[in-house]
Amino acid sequence: MAASRFIVATDGSEAAQAACRMAAEMAQALKPRTVTVVSVVRMGITSSSLGGGGIIPPDREHIGKHEELLEKAADEIRGIVTDDSVEVETKLLQSSSPAEAILAEARGKQGETHLFIGNRGRGGFAGLILGSVAQAVLHHADCPVTVVR
């Protein structure tokens, strides 16, 4: 049974762009109900010597950059998926853990979900074969995951 919902995680990296293209090509062939493009804005975490801590929300400029890359990715997918029955939507997630946010989005919907993610994002250690977010998503997802290079 084909998935009724595709989720594509993007951070604007080349691998994420390749994941968007692959998801779009598969959506054109398999016709899921929706293709949701997600991007995660990292929220900072603070701690204090008194044992308290908190979350630092991202600034408006940072959110705006993520919204722009979401729209760019969604437009690319819409250019490939010509069937009007496939809805392409965007969703900006905010979390201190991108992998957890992506996994929560996949778990939070009814029906079959298929995740697409690039093998390496914009994080450090460019020599890694599989990025930490992709690795966490791959190992903890309860749905099919396609990791794209």
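**View 1. How much of the protein is buried, and how the chain is laid out.** In this predicted model, 42% of the 149 residues count as buried. The protein has 4 helices and 7 strands, and going along the sequence they come in the order β-α-β-β-β-α-β-α-β-α-β. Take the contacts between residues at least 6 apart in sequence, and 73% of them join residues at least 24 apart.

**View 2. Helix H2 from end to end.** H2 runs over residues 60–80, and its end C-alpha atoms sit 31 Å apart. That agrees with expectation, because 21 residues at 1.5 Å a residue should span 30 Å. At the start of the helix, look for Asp59: one of its side-chain oxygens comes to within 3.1 Å of the backbone nitrogen of Glu61.

**View 3. The buried residues of H2 and what covers them.** Here are Ile63, Gly64, His66, Leu69, Leu70, Ala73, Ala74 and Ile77, the buried residues of H2. Residues three or four places apart on an α-helix point the same way, so that spacing is handy to keep in mind here. The cover over the buried residues of H2 includes helix H1 (14–30), along with strands E1 (5–9), E2 (34–42) and E5 (87–95).

**View 4. H3 packed against H4.** Helices H3 (residues 98–107) and H4 (residues 132–140) pack at about 35 degrees, their axes 8 Å apart, and the crossing is right-handed. On the H3 side, the contact is made by Pro98, Ala99, Ile102, Leu103 and Arg107; H4 brings Val133, Ala136, Val137 and His140. Sort the residues of this contact by type and you get 7 nonpolar, 1 polar and 1 charged.

Terms used. Residues are numbered from 1 along each chain as its sequence is written. This is a predicted model: local features need pLDDT of at least 70, side-chain atom pairs count only at pLDDT 80 or more; totals for chains, interfaces and linings use all residues. Side-chain values use heavy atoms; hydrogens and water are left out. Axes are lines fitted to C-alpha atoms, for helices over the stretch in contact, and angles run from 0 to 180 degrees between N-to-C directions. Helices (H or I, at least four residues) and strands (E, at least two) are DSSP runs, numbered from the N terminus. A crossing is left-handed if the near helix is turned anticlockwise from the far one by less than a right angle, and right-handed if clockwise. Contact means heavy atoms within 4.5 Å. Ala, Val, Leu, Ile, Met, Phe, Trp, Tyr, Cys and Pro count as nonpolar, Asp, Glu, Lys and Arg as charged, and the others, Gly among them, as polar. The expected span of a helix is 1.5 Å times one less than its number of residues. Buried means under 20% relative accessible area, exposed over 50%, partly exposed in between (1.4 Å probe, protein chains only). A polar contact is a pair of N or O atoms within 3.5 Å; within protein, one must be able to donate a hydrogen and the other to accept it, and residues adjacent in sequence count only if both atoms are side-chain atoms.
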